[in-house]
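Thanks for coming. Please have the sequence and the model open while I talk.

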Amino acid sequence: MTTAIICQPQHYVFHPDNATGRTMDPVNNVTPMRKSKEEKKVFRKQLKSSHTLLKHEGIRTAQQPTKSLVVANGGLGNGVSREELCAALNEMGEVETLLMPPHKPYAFVTYRSQESAQKAHFHLNGGKLMCGENGVTLYLSFIDSVSHEEESVFAPLPDGLLLVEDFVSAEEEVQLMAAIDWSSSNDEVIGACVFDTENINQLSQKALKHRRVKHFGFEFRYDNNNVDKDEPLPAGLPDVCLPLLERCIKDGYIDIMPDQLTVNQYQSGQGIPPHVDTHSAFEDTLLSLSLGARTVMEFRHPDGRVVPVVLPGRSLLVMKGESRYLWTHGITPRKFDMVPVCDLKSSTHSGHDLETNGSLTLSKRGTRTSFTFRKIRPEPCRCAFPSACDSQGPPAPLPPSPPALPSCPSDAARLEQEFVHQVYDAIAYHFSSTRHSPWPRVCHFLSTLTPGSVLVDVGCGNGKYLGVNPEITAVGCDRSSALVQICADRGFNAFVSDALSVPLRTASCDACISIAVIHHLSTQERRLAAVRELVRLLKPGGRALIYVWAFEQEHNKQKSKYLKDHNGKQNLIKNTSEGSQEPCEYPSKCSDGACTPTDYMPVTDGKLSVHTNRTAFNTQDLLVPWHLKEGKRQEEKVSEDTGKNKRKSNKASVNSCLSSSESPQSDSSPSVDCSLSRSGTNTSKTTHSLGSNPLSSDGNTHPSKLETSPAPVFHRFYHVFQQGELEQLCAQVSQVKVLRSYHDQGNWCVILLKEELH
Amino acid sequence: MKLLTHNMLTSHVKGVTKGYPLLIKATEVKVNEVEFNPQFVCRMIPKLEWSALVKAADDLGHRQDLPAELEPDYEKNEDLLKKVHRALLEVEVVEGSLQCPESGREFPISKGIPNMLLNEDEV
């Protein structure tokens with residue numbers, strides 16, 4: 001296996017990983033290679049990539065060279081466009097076919113001749129393909145055959161939907177955009193935050209996270225998704241719109257002159273959650289004019305059908321009937337859309353041409369401004385779609401009701417199964433990569449154990465503490481097989497078990513630790529039972545250390561790192577959902593990840609609300625989001641891992657958990673950027689190596705499984721402890737004495753002693 | 001699963017009183033090389049159930065003549081310590097199961113990891 005050589009054709013730049021210290025041979029345009037180390041590394045990675053492809057995608061690589069290759073990391077799912085990949089592949093020989101399955105982190109190429117395929121393999125394997133400013137490292141393997149199943153990318157448009165291209169001229173487009181004065185737009189309304197004055201200043205400097213909106217004719221209210229029909233806005237619709245509206249009437253798209261206009265401006269990465277325009281607010285026909293950059297709008301039918309519709313600039317979208325009353329429409333916040341190739345080539349093609357070439361490619365988003373014209377409906381709606389109608393029939397289905405606190409043991413077990421165990425199994429690798437630094441005070445406890453002591457770590461996770469003190473015998477157990485597997489991979493002794501029933505003999509351990517575990521138990525009884533179990537395991541005279549997440553994230557006027565990393569502010573961030581839905585308590589159950597984090601409400605009815613990461617807690621029982629992401633950034637809490645040991649910082653490498661100054665909202669901007677590449681410092685966990693879509697352990701535990709695959713969000717249940725609560729719990733266990741109790745970086749901690757019997 | 005872990009594990013099926021030691025049924029065993037630390041082994045021995053270790057090693061074919069009873073002065077017996085080291089830390093059950101001696105319930109070992117989870121009705 002070889003590393004790629006540097007070559008400089010027009011479309012792409014190719015260079016091997018870790019190219020430092022090399023000099024170019026100017027004659028041959030080749031860099032001499034440090035063979036053995038680089039070669040071995042590429043070979044290893046290629047092997048791993050082969051295994052992952054087989055394991056997760058069922059793609060079997062061939063032992064002998066063939067005409068076809070699978071190009072791992074060279075897929076639409078990685079943000080690699082067809083054009084960029086083609087350019088690189090074409091250099092190697094005549095390409096017969098290039099198949100790029102949508103959303104996948106790989107592509108298949110078949111060359112005319114085996115020699116060409118071999119040449120491609122030789123030159124491109126292990127090399128970096130630049131897409132834009134970023135690069136992905138490609139790994140090529142021969143495969144026996146490629147099944148040519150082009151997915152049908154063209155679905156018929158929803159009933160009542162009509163797209164009219166080139167509806168306005170370029171001049172009109174300029175005039176219309178110029179007519180909007182954004183300085184007076186009420187940006188704060190959308191995705192509203194409650195700010196103090198300090199923050200307003202901060203906001204005006206930052207790019208806003210949400211689209212800009214301006215209303216004319218009547219004010220649209222986002223609190224009830226309706227129009228205030230009694231308060232028309234003084235100005236009416238801008239004059240500049242009249243000619244095009246008259247054209248709409250003349251061409252028969254609408255019968256009556258609209259009297260309400262909403263202008264939305266979307267930057268790349270912004271969107272609007274799926275919604276149906278309120279029936280009672282507006283009459284049937286809605287007209288939406290798209291100006292500026294093209295985008296993709298998704299229509300969703302209640303039966304699950306999703307139809308993506310490309311909206312080119314200067315096109316008019318006419319929504320009537322079923323497409324207006326029943327299908328939802330929305331724009332996923334993204335920076336790239338996948339569009340059919342023919343759409344790029346010719347702007348006069350509609351997205352639903354039934355051509356045989358169903359290939360997809362990436363289209364980068366730009367700023368888009370939409371003018372949506374509507375007619376106010378004076379009387380209740382009497383449409384033919386009562387299920388979606390707020391004037392008729394039953395109210396729209398509520399978002400699925402969030403879990404309540406359990407009232408019986410089996411409820412508790414079920415809650416924990418869904419919101420703890422399944423989640424950890426799904427996020428294990430990602431989670432483990434963020435839990436790399438043992439906390440100093442835990443390490444201190446471990447260092448005080450007599451050499452030869454037997455320690456059990458209940459809820460050991462990735463085994464972080466099992467190797468800290470080499471003089472003791474340490475055994476770990478965890479509920480997650482995936483995490484225990486990581487322990488085993490590291491050479492630690494570990495087994496899978498539940499904290500409530502540990503299969504070790506009574507009084508068999510000199511010490512126990514349980515770090516950030518029992519706050520996952522959903523009832524007080526179970527938390528108590530967990531403490532009892534720890535005590536049972538201890539020999540008389542033995543000690544246990546317990547850490548749980550604290551309700552009070554601020555202690556002695558010091559904020560925990562968990563809070564500090566959120567712009568240093570401890571604001572209560574209140575978000576209404578973006579534009580059109582009632583606040584839902586379950587962003588992951590909305591149709592797509594476009595919903596911003598929601599209101600979190602105090603538990604007044606026993607229901608669990610979703611916490612906004614890096615803010616203060618205002619309830620003890622809650623669900624905390626985990627955003628499963630590939631690659632560097634990681635906006636998750638750090639209170640479980642704030643004892644960052646500087647000497648071990650080299651291990652932190654790509655997945656530093658302290659990197660985030662990002663606010664949680666940015667999680668709802670999934671992007672199929674090229675910025676997902678590893679840039680050569682691929683960490684050892686090569687389950688991450690195949691691009692943006694995490695090929696997580698079983699791939700089927702994503703609660704928000706979507707067409708458009710934004711980063712999945714998981715929710716974990718926590719009961720955060722108040723000051724003194726942990727001690728109180730321990731006080732209920734006999735033969736136990738609390739030796740010490742303290743606050744450590746957002747956690748309440750106790751050291752217990754199991755007393756000798758008298 | 002190393003025999004060190006096995007030495008600690010017990011069956012926790014509800015109602016079982018004689019759940020220790022678990023019977024090992026191995027279908028795949030491997031031997032790793034682990035650095036020998038005589039001091040560490042010495043300190044571990046008093047914490048072990050000696051007979052359970054001997055039986056387990058025997059069942060796996062790695063007894064290496066470990067005596068049925070631990071002699072005094074084992075600290076000075078480097079040969080013995082090495083054998084203990086090998087049995088405890090180097091022999092590993094990769095695939096198989098652990099069986100509760102009283103109830104017969106089997107706990108699977110897969111990729112070296114015993115899964116001791118009980119079903120709701122067994123707890």
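Predicted model: local features only at pLDDT ≥ 70, side-chain atom pairs only at ≥ 80, totals over all residues.

Residues are numbered from 1 along each chain as its sequence is written, chains are lettered from A and ligands numbered from 1 in the order in which they are written, and side-chain values use heavy atoms, with hydrogens and water left out.

First, the interface. Contact means heavy atoms within 4.5 Å, and on that basis 22 residues of chain B touch 29 residues of chain A. How much area is buried between chain B and chain A? About 2200 Å², with carbon and sulfur atoms giving 62% of that. Buried area here is the accessible area (1.4 Å probe) that two parts lose on being put together, summed over both. On the chain B side, Met8(B), Lys47(B) and Ile113(B) lose the most area to chain A, together 28% of what that side buries.

Arg43(B) and Glu471(A) form a salt bridge through their side chains, at 3.2 Å from N to O.

Which elements of chain B each supply at least two residues of the side that touches chain A? They are helix H1 (3–8), helix H2 (38–44) and strand S4 (113–114). Helices (H or I, at least four residues) and strands (E, at least two) are DSSP runs, numbered from the N terminus. H1(B) gives the largest share of that side, 4 residues.

Over all chains, the structure holds 27 salt bridges. Arg334(A) and Glu298(A) pair in a salt bridge at 3.4 Å, N to O. This pair links distant parts of the chain, 36 residues apart: Arg334(A) is in the loop between strand S18 (328–331) and strand S19 (336–340) of chain A, and Glu298(A) is in strand S15 (residues 295–300) of chain A.

Last, the helices. Helix H9 (residues 409–434) and helix H11 (residues 481–489), both of chain A, pack at about 40° with their axes 7 Å apart. Axes are lines fitted to C-alpha atoms, for helices over the stretch in contact, and angles run from 0 to 180 degrees between N-to-C directions. Residues making the contact include Tyr424(A) and Phe431(A) of H9(A), and Leu483(A) and Ile486(A) of H11(A).

Definitions and conventions:
Salt bridge = Lys/Arg side-chain N within 4 Å of Asp/Glu carboxyl O.
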